Amino acid sequence: MKYSIAKLVHGPGIDCVIFTGIIDANAAQELNSILLSLLAPVADFDFTHVERVDSMGVALLFKLFKDFQEDQSGQIRFKGLNQPLLKLFTMTGIMDFTATRNALHGR
């Protein structure tokens, strides 16, 4: 079984988190570590190489994005979402964290 591996790349004014594998309960410690390492006001989260996100992974991602926006007033952008992930993130409310979605809803 492949577990999630996240790589954090710091850039000028933007951080990029690149996920690979499966995001599930085993990713909890790694996601907490990422939250503490985000420095820029904008964070791109790249899901291009994610195989699957289970229900615990959804909960962990929700918490990560919520905490990032509350603690750092950060702007979140998603990249590389395939159709199943886009549908999952839309149904669970995770898409509401993205700048594009927030702009569409006047937030």
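## Where to begin: buried residues

A residue counts as buried when its relative accessible area is under 20%. Phenylalanine 47, at 0% relative accessibility, is therefore buried. The model you are looking at is a predicted one, and this residue makes a handy starting point for a tour.

## The sheet

Let us look at the strands. Four of them make up an open sheet, in the order β1-β2-β3-β4, with mixed pairing. At the edges stand β1 (5-11) and β4; each has a single partner strand, so one side of each has no neighbour in the sheet. From one strand to the next, the twist averages 20°.

How do β3 and β4 pair?

Helix α2 lies across β2, β3 and β4 and runs at about 180° to β3.

## The nonpolar core

In soluble globular proteins, nonpolar side chains tend to be buried together. In this model, the largest nonpolar core has 27 residues. Phe19, Phe45, Phe47, Leu61, Phe65 and Phe78 are those with the most contacts inside this core. Two or more residues come from each of β2 (14-23), α1 (28-37), β3 (42-53), α2 (55-72), β4 (75-79) and α3 (83-92). Which element gives the largest share? That is α2, with six residues.

With 0% relative accessibility, phenylalanine 65 counts as buried. Leaving aside neighbours within four places in sequence, phenylalanine 65 is in contact with Phe45, Phe47, Ile76, Phe78, Ile94 and Phe97.

## Aromatic rings that meet

A pair of aromatic rings is described by the distance of the centres and the angle of the planes. The model has nine aromatic pairs. One of them joins phenylalanine 47 and phenylalanine 78 in an edge-to-face arrangement, 5.7 Å centre to centre with 85° between the planes. This pair links distant parts of the chain, since phenylalanine 47 is in strand β3 and phenylalanine 78 in strand β4, 31 residues apart. Phenylalanine 78 has a relative accessible area of 15% and is buried.

Phenylalanine 78 also forms a pair with phenylalanine 65, and this one is tilted: 5.1 Å centre to centre, with 50° between the planes. Phenylalanine 65 lies in helix α2 and phenylalanine 78 in strand β4, so the pair ties together parts 13 residues apart in sequence. Stepping back, ring pairs link Phe19, Phe45, Phe47, Phe62, Phe65, Phe78, Phe89 and Phe97 into a cluster.

Conventions
Residues are numbered from 1 along each chain as its sequence is written. This is a predicted model: local features need pLDDT of at least 70, side-chain atom pairs count only at pLDDT 80 or more; totals for chains, interfaces and linings use all residues. Side-chain values use heavy atoms; hydrogens and water are left out. A nonpolar core is a set of buried Ala, Val, Leu, Ile, Met, Phe, Trp, Tyr and Cys residues joined through side-chain atoms within 4.5 Å. Buried means under 20% relative accessible area, exposed over 50%, partly exposed in between (1.4 Å probe, protein chains only). Helices (H or I, at least four residues) and strands (E, at least two) are DSSP runs, numbered from the N terminus. Contact means heavy atoms within 4.5 Å. Rings of Phe, Tyr and Trp (its six-membered ring) pair if their centres lie within 6.5 Å; planes under 30 degrees apart count as stacked, over 60 as edge-to-face and the rest as tilted. Two strands pair if DSSP finds at least two bridges between them. Axes are lines fitted to C-alpha atoms, for helices over the stretch in contact, and angles run from 0 to 180 degrees between N-to-C directions.
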